[in-house]
Amino acid sequence: MATETPPPATPGVPLPSTEEFAEVQQSAEFGELRRAHRSFAFPLTVAFASWYLLYVLLSNYAGGFMGTKVAGNINVALVLGLAQFLTTFLIAWWYARHAASQLDPKAEAIKSRMEGGA
């Protein structure tokens, strides 16, 4: 996918050519980086979207269940609604760990090779 805006330049480091970018995009190393990202992000996206839609559907069509008291004035709807926030933060934390351990080293290796450092 081509854009009109070039990547930000690092002082003293020449920018790779369009051909070099295309070559790296076709490389096995870049393919592995893309696979590592997709194998993590896509399943979690589908799982979270499903979990969110389940909550919405239960709220619309299972009012009796969602209104079931858990403790005091706390009902199932409130617990599941708060769980939405919790899972959002957990997924963000998990992705940050995954990126730091799996994606960033691969991306840094590609970047340093393109900048002539490897």
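Tutor: From the N terminus on, the elements run α-α-α-β-β-α. That order holds 4 helices and 2 strands. Helices here are DSSP runs of H or I with at least four residues, strands are runs of E with at least two, and both are numbered from the N terminus. The model is predicted: local features need pLDDT of at least 70, side-chain atom pairs count only at pLDDT 80 or more, and totals for chains, interfaces and linings use all residues. Residues are numbered from 1 along each chain as its sequence is written, and side-chain values use heavy atoms, with hydrogens and water left out.

Now the contact. Helix α1 covers residues 18–26, and helix α4 covers residues 76–114. They pack at an angle of about 150°, with axes 11 Å apart. Axes are lines fitted to C-alpha atoms, for helices over the stretch in contact, and angles run from 0 to 180 degrees between N-to-C directions. The angle therefore makes α1 roughly antiparallel to α4; that label needs an angle over 145 degrees.

Which residues of α1 and α4 make the contact? From α1 come Glu 20, Phe 21 and Val 24. From α4 come Ile 110, Arg 113 and Met 114. Contact means heavy atoms within 4.5 Å. These residues divide into 4 nonpolar, no polar and 2 charged. Ala, Val, Leu, Ile, Met, Phe, Trp, Tyr, Cys and Pro count as nonpolar, Asp, Glu, Lys and Arg as charged, and the others, Gly among them, as polar.

Last, the whole chain. Among contacts between residues at least 6 apart in sequence, 59% join residues at least 24 apart.

Technical notes. Parallel < 35°, antiparallel > 145°, perpendicular 65-115°, else oblique.
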